[in-house]
Amino acid sequence: MTGRVLAGPGATVRVSSPGKVNLFLGVGDRREDGYHDLVTVFHAVDLADEVALQPADRLSVRTHGVTEVVPEDGDNLAGAAITLLAQRLGREPAVAVDITKRIPVAGGMAGGSADAAAALVGCAALWGQDVPRAQLAGWAAELGSDVPFALSGGTALGTGRGERLSPVLSRAELSWVLAPAGGGGLSTPAVYTELDRLRAAGDVPRAGEVEPMLAALATGDLAGIAAEMANDLQAAAFSLRPELRRTLRAGLDAGALGGIVSGSGPTIALLCADPDHAARVATDLAGSGTVRTVRTAAGPAPGARVLGGRG
Ligand SMILES: C[C@@](CO)(OP(=O)(O)O)[C@H](O)COP(=O)(O)OP(=O)(O)OC[C@H]1O[C@@H](n2ccc(N)nc2=O)[C@H](O)[C@@H]1O
Ligand SMILES: Nc1ncnc2c1ncn2[C@@H]1O[C@H](COP(=O)(O)OP(=O)(O)O)[C@@H](O)[C@H]1O
């Protein structure tokens, strides 16, 4: 159940919600409904957005901390989440939302999904509604394939279009260097479409089986995790953004254990041995001239959760 929060007039509920890296992303062929069946290992990282919600006369959504164009109000995924929740609970979506964005926009790290999950959890708390987690996860899946995982966080196996989750036993604490590529984000549908095009044009290697990754996670075998990282969307992201190859190469040359395009990209995620190693790789990569910004992060991180700061 979500926690019951008795929010008085003017109260603010703050929620932290994580970005993700797909440690493994196997993509099937395009389905009749336009989606692709996935076998993916989601891994939440502590690069998180913070979403503040307050009672108001009407729905409004503002974002801070990004230069990219992010839709506001009902077109923002957080606004869409509040509209859906209000409908289901028979209420007015009268909430002012303020999002501090840290997750790169359109970066393949599911930042919009994180904000949608935060809005669901935060609004339920603001309205003092005990919504069972399974109910919330069902509504999350209506908002987007990645939204249920942003609710759960941790490390999880995703199937279906990514919305069906099962727990993954993981003993690994992972240290990351994240390099959001310059030149703006990549559109998720465009990357899936490019993969379909590449597959129709020739033989594109597929990610293989997920079991070796699950085994490496279960034993906390960092070298095994690095070796088993795979992403079927990577070839499509490289095709649309060829310079990503250079960033990945520079990260590996800087000593990362392994590297991958995160989801549909263009963020490059580099696995490191520990936080100190990540800091060294980040410094080297920043000096390589192949990226504009570099961040470090750690996982697994918890899913969307109320921080409790109200008043
Ligand atoms: C690629 C992934 C990997 O985790 O993440 P991102 O790179 O976006 O973070 C996800 O599959 C993105 O999930 P999400 O961004 O929630 O996608 P949705 O809103 O559900 O769908 C947007 C569009 O992406 C395509 N899509 C999405 C999921 C899926 N399993 N197959 C698809 O083909 C479809 O064209 C769909 O219309
Ligand atoms: N709260 C939000 N944060 C970021 N992007 C959003 C949000 N709401 C809607 N969007 C739209 O969704 C698109 C994909 O955003 P995002 O979730 O950051 O990327 P990705 O799908 O690559 O993980 C953005 O280009 C933006 O137009």
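**Ligand contacts**

Tutor: Let's start with one backbone contact: a polar backbone atom of Gly108 is 3.5 Å from an oxygen atom of ligand 1. That counts as a polar contact (a pair of N or O atoms within 3.5 Å). This is a predicted model, where local features need pLDDT of at least 70, side-chain atom pairs count only at pLDDT 80 or more, and totals for chains, interfaces and linings use all residues. Residues are numbered from 1 along each chain as written, chains are lettered from A and ligands numbered from 1 in written order, and side-chain values use heavy atoms, without hydrogens and water.

Student: Which residue puts a polar side-chain atom 2.8 Å from an oxygen atom of ligand 1?

Tutor: Ala110 also reaches an oxygen atom of ligand 1, but with a backbone N or O atom, at 3.3 Å. The side-chain atom at 2.8 Å belongs to Thr188.

Student: Which helix gives the largest share of the shell around ligand 2?

Tutor: The shell takes residues with a heavy atom within 4 Å, and there are 17 around ligand 2, with Gly112 and Asp115 among the nearest. Helices are DSSP runs (H or I, at least four residues), numbered from the N terminus. The largest share, 3 residues, comes from helix α2.

Terms used: A polar contact is a pair of N or O atoms within 3.5 Å; within protein, one must be able to donate a hydrogen and the other to accept it, and residues adjacent in sequence count only if both atoms are side-chain atoms. Helices (H or I, at least four residues) and strands (E, at least two) are DSSP runs, numbered from the N terminus.
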